[in-house]
Amino acid sequence: MNKIIIIFLTIVFIDGLFKKCNMMDMFMDGVKDALGLVKQLFITLVAFMLFVGLLRSSGFIDVLNYIFRPLIQLLNIPIDIFVLGFLRPVSANASLSFLCSIYDVFGIDHPLSLLGTIIQSGSDTTLYVITLYFSSIHLKNTRYAIAVGLFMDFLAVVLAIIFYLNFM
């Protein structure tokens, strides 16, 4: 992989020499653009990490644990996996922050971390996608899109748990 990167950078450098571009200025402009993006992402990531911390310390997870105790005991899966399933349709960053906290608790090689990863990658941020895409085309009647999207997210969580119970 490192060889491919070096070859790519060499090709870009040689192309820039032939086109007589000011590569240093172009590089600095790219770095400035990247720093603006990093700033936006960092602020969002910190906000959602704070949200996950508040979610944990507020006792909301304990309430969910009490509500879903029979199911949790039956499946022998921690409440964190269910919270991840609830957060995923709402926000990708919040669910990713929560997945990182699952990694911190169990480690990245633990089967429950794998289950969280499958849930994270197998479902989508349905409410965000519907809000963004439908509002961009000024569509107000979503019909069955929200119900179908949330059902598919639920199905992704259920299938991930079935996979976990059968293969782990």
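Which residue caps the N-terminal end of H6? Ser91 does, with a side-chain oxygen 3.1 Å from the backbone nitrogen of Ala94.

The views below come from a predicted model, in which local features need pLDDT of at least 70 and side-chain atom pairs count only at pLDDT 80 or more, while totals for chains, interfaces and linings use all residues. Residues are numbered from 1 along each chain as its sequence is written, and side-chain values use heavy atoms, with hydrogens and water left out.

**View 1. Helix H6 and its two ends.**
Helix H6 covers residues 92–106; helices (H or I, at least four residues) and strands (E, at least two) are DSSP runs, numbered from the N terminus. Its 15 residues reach 21 Å from the first C-alpha to the last, close to the 21 Å expected at 1.5 Å a residue. The expected span is 1.5 Å times one less than the number of residues in the helix. The cap from Ser91 to the backbone nitrogen of Ala94 lies at the N-terminal end. For a polar contact, a pair of N or O atoms must be within 3.5 Å; within protein, one must be able to donate a hydrogen and the other to accept it, and residues adjacent in sequence count only if both atoms are side-chain atoms. Just after H6, Gly107 has a positive phi of about 90°.

**View 2. The buried residues of H6.**
Ala94, Ser95, Ser97, Phe98, Leu99, Ser101 and Ile102 are the buried residues of H6. Buried means under 20% relative accessible area, exposed over 50%, and partly exposed in between (1.4 Å probe, protein chains only). These buried residues pack against helix H2 (23–58), helix H3 (60–67), helix H5 (79–87) and helix H7 (111–122). Contact here means heavy atoms within 4.5 Å.

A search of the whole structure finds one salt bridge, defined as a side-chain nitrogen of Lys or Arg within 4 Å of a carboxyl oxygen of Asp or Glu. Asp15 pairs with Lys19, and their closest N and O atoms are 3.4 Å apart. Both residues lie in helix H1 (residues 2–19), four residues apart, about one turn of the helix. An α-helix has 3.6 residues a turn, so residues three or four places apart point the same way. Asp15 counts as partly exposed because its relative accessibility is 37%, whereas Lys19, at 54%, counts as exposed.

**View 3. Two loop residues with positive phi.**
Lys20 is in the loop between H1 and H2. Its phi is near 55°, a positive value in a residue other than glycine. With a relative accessible area of 76%, Lys20 is exposed. His138 sits in the loop between helix H8 (126–136) and H9. His138 is not a glycine either, yet has a positive phi of about 60°. At 70% relative accessibility, His138 counts as exposed.

**View 4. Helix H9 and its buried residues.**
H9 has 23 residues and reaches 32 Å from its first C-alpha to its last, close to the 33 Å expected at 1.5 Å a residue. Its buried residues are Gly149, Asp153, Ala156, Val157, Ala160, Ile161 and Tyr164. They pack against helix H4 (69–75), H5, H7 and H8. Ile119, found in helix H7, counts as buried because its relative accessibility is 1%. Leaving aside neighbours within four places in sequence, Ile119 is in contact with Ile81, Leu84, Gly85, Arg88, Val157 and Ala160.

**View 5. A nonpolar surface patch.**
Tyr144, Val148, Phe151, Met152, Phe154, Leu155, Leu159 and Ile162 form a nonpolar patch on the surface, with about 810 Å² of accessible area together. Patches are made of residues with over 30% relative accessible area and no salt bridge; like charges are joined within 9 Å and nonpolar side chains (Val, Leu, Ile, Met, Phe, Trp, Tyr) within 5 Å. Accessible areas come from the Shrake-Rupley method with a 1.4 Å probe, and for residues only the protein chains shown count as cover. Phe151, one of the patch residues, is in helix H9 (residues 145–167) and counts as partly exposed at 47% relative accessibility.

Phe86 is in helix H5 and is partly exposed, with a relative accessible area of 43%. Not counting residues up to four places away in sequence, Phe86 touches Leu64 and Phe68. Phe163 is in helix H9 and counts as partly exposed at 35% relative accessibility. With residues up to four places away in sequence not counted, Phe163 touches Ile118 and Met168.
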